[in-house]
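Reader: I'm new to this structure and have it open. Please take my questions as they come.

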Amino acid sequence: GGLRDWLKGRLKVCMGGRSQRMAAAGRGILLDTQADSSLPLFFTEVLSALDGHKQKLGGLRHFHDVPRINHKVKREEFQESFSDYEYIYLTILGFARLHLLAEEIVRRNNGAVYTQNPGTQLLEVQCGMTMHGEREGANAMLRMASGSLLEAYLVARGCQERGDRNAMLKFFRDAFDRTADPCLEGRVGRILQYLEASATSGESAMPMWEEISLRPLPADSAPRVVIGEHLRVFVNECTWCWARQRGLPYETAKAQRSSREHEREFARLCNAKTFESAMLARGLAMDSARSMWQVAVDARTWSLYEEDANRQIEEAHQKGTRKITLRLPPKNWEYEFDLSRLVQRNAKSGTERPIRRLPASTKVPGKLTQEELREAIDYFVEMQTLPAVPD
């Protein structure tokens with residue numbers, strides 16, 4: 001009984017292949033699709049709604065402008081130096097990134113504790129939270145977390161549209177808890193409790209979760225296959241955004257987007273240029289003209305540095321700087337880089353690891369090049385699967 005049964009029910013709804021029934025969201029809302037092109041449009045709207053209650057939730061305390069994920073934050077840090085607004089913002093941002101990375105994290109999850117689990121470590125670096133990957137149901141939790149957040153948001157939006165002016169603020173206060181366990185399980189549990197308390201039904205304003213989630217693909221999939229899967233999701237994201245702008249149910253917008261009457265209007269939102277920009281912002285393709293840096297994880301495995309760290313290391317290399325110091329996620333520890341000896345040293349423990357520079361144009365396993373992305377986009381435009389840039 002209780003939350004465990006509710007969680008099982010939510011997993012069936014989110015992952016069982018049948019349509020979710022969510023409360024109807026507000027109609028005719030214009031979204032700022034340029035707010036952060038690295039995020040799916042659904043989460044951009046949730047962040048916009050949160051900004052409307054920024055001051056009531058404590059405003060900015062730890063950050064100067066916009067909250068950013070730069071390391072895994074512990075419960076004590078949240079309690080002592082973060083506001084509710086910052087905690088909620090980071091949670092939404094983390095779930096947005098999880099939506100894009102869920103299958104990769106699942107693939108890396110080896111069922112071990114976090115110190116020995118590449119899946120948990122990727123979650124910490126990219127999403128700013130940890131998980132108990134060694135527990136049963138961890139992969140199911142990864143796959144349903146983002147959908148639960150969006151469902152809870154739409155429940156609150158529906159209550160607001162039906163006249164409850166405090167519904168959205170209540171959602172942000174009840175579905176998030178800065179003082180609770182900040183691991184993925186703790187954050188999802190709080191959202192599920194909100195859904196259980198606010199259970200309702202209504203016309204679905206969202207596409208089926210499968211339509212906006214990337215399907216797992218074999219590691220050796222051809223670039224066109226990988227980009228085609230991302231294109232499928234992107235078209236459905238744009239359909240939802242267009243539906244919101246026109247005040248239409250998602251299924252109606254899906255049926256109308258290719259009609260002669262609406263195809264040019266929809267193409268202004270979904271075209272070769274907007275798709276390429278979104279894929280570059282989400283890190284799908286790497287710049288083959290830029291060198292990449294890697295660190296040795298073990299005797300056989302090398303791992304790419306994150307974008308910001310790679311940029312700083314490469315800039316130091318280009319300037320001939322011998323040593324630099326950086327703080328790296330997920331724990332924001334300080335590392336010293338000796339670019340002459342090609343080693344990374346943990347300033348606290350003294351542990352050293354080899355590093356190496358991959359010359360420009362080196363093919364990195366698991367990463368597409370910008371040339372492969374553009375070739376695939378040209379192919380889908382030629383096949384009339386993706387509109388060219390409208391006049």
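Reader: What is the relative accessible area of Tyr 379?

Author: Tyr 379 has a relative accessible area of 27%, so it counts as partly exposed. Buried means under 20% relative accessible area, exposed means over 50%, and partly exposed is in between (1.4 Å probe, protein chains only). A caution before we go on: this is a predicted model, where local features need pLDDT of at least 70, side-chain atom pairs count only at pLDDT 80 or more, and totals for chains, interfaces and linings use all residues. Residues are numbered from 1 along each chain as its sequence is written, and side-chain values use heavy atoms, with hydrogens and water left out.

Reader: Where is Tyr 379 found?

Author: Tyr 379 is in helix α14. Helices (H or I, at least four residues) and strands (E, at least two) are DSSP runs, numbered from the N terminus.

Reader: How far is Tyr 379 from Arg 224 in C-alpha terms?

Author: Their C-alpha atoms are separated by 8.4 Å, while the two residues are 155 residues apart along the chain.

Reader: Zoom out. How many helices and strands does the protein have?

Author: There are 14 helices and eight strands. Of the 391 residues, 47% are buried.

Reader: What about contacts between residues at least 6 apart in sequence?

Author: Of those contacts, 65% join residues at least 24 apart. Contact here means heavy atoms within 4.5 Å.

Reader: Which residues have the most contacts inside the largest nonpolar core?

Author: Those are Ile 92, Phe 171, Phe 172 and Leu 184, in a core of 85 residues. Helix α4 supplies the largest share of this core, 13 residues. A nonpolar core is a set of buried Ala, Val, Leu, Ile, Met, Phe, Trp, Tyr and Cys residues joined through side-chain atoms within 4.5 Å.

Reader: What is Ile 92 in contact with?

Author: Leaving aside neighbours within four places in sequence, Ile 92 is in contact with Phe 43, Val 46, Leu 47, Leu 50, Leu 149, Phe 172 and Phe 176. There is also a second, separate core of 13 residues, with Ala 309, Ala 316, Leu 328 and Ile 355 among them.

Reader: Now the gaps. How many cavities of 30 Å³ or more are there?

Author: Four. The largest cavity has a volume of about 60 Å³. On a 1 Å grid over the protein atoms alone, a cavity is a set of points where a 1.4 Å probe fits but cannot get out, and lining residues have an atom within 4 Å of a point. Points are joined across faces, edges and corners, and the volume is the space filled by probe spheres set on them.

Reader: What lines the largest cavity?

Author: The lining residues include His 99, Leu 100, His 230, Val 233 and Glu 237. Two elements give two or more residues to this lining, α4 (84-108) and α9. Helix α9 gives the most, with three residues.

Reader: How do the lining residues divide into nonpolar, polar and charged?

Author: Five are nonpolar, three are polar and two are charged. Ala, Val, Leu, Ile, Met, Phe, Trp, Tyr, Cys and Pro count as nonpolar, Asp, Glu, Lys and Arg as charged, and the others, Gly among them, as polar.

Reader: Back to Glu 237. Buried or exposed?

Author: Glu 237 is at 0% relative accessible area, so it counts as buried. It lies in helix α9 (residues 223-246).

Reader: Which side chain does the Glu 237 side chain make a polar contact with?

Author: The side chain of Arg 282, at 2.8 Å. A polar contact is a pair of N or O atoms within 3.5 Å; within protein, one must be able to donate a hydrogen and the other to accept it, and residues adjacent in sequence count only if both atoms are side-chain atoms. Not counting residues up to four places away in sequence, Glu 237 also touches Pro 40, Leu 41, Phe 42 and Ile 212, among others.

Reader: And Arg 157, buried or exposed?

Author: Arg 157 has 10% relative accessibility, so it is buried. It sits in helix α6 (residues 138-161). Its side chain is joined to that of Tyr 153 by a polar contact of 2.6 Å.

Reader: What about Arg 107, buried or exposed?

Author: Arg 107 is exposed because its relative accessible area is 57%. Its place is in helix α4, and its side chain makes a polar contact of 2.6 Å with the side chain of Glu 104.

Reader: Last one. What is the phi of Leu 342?

Author: Leu 342 has a positive phi of about 60°, although it is not a glycine. It is in the loop between β5 (333-338) and β6 (343-346).

Technical notes:
1 Å grid on protein atoms, 1.4 Å probe; cavity = no way out; pocket = protein on both sides within 12 Å on 5 of 7 lines; lining within 4 Å.
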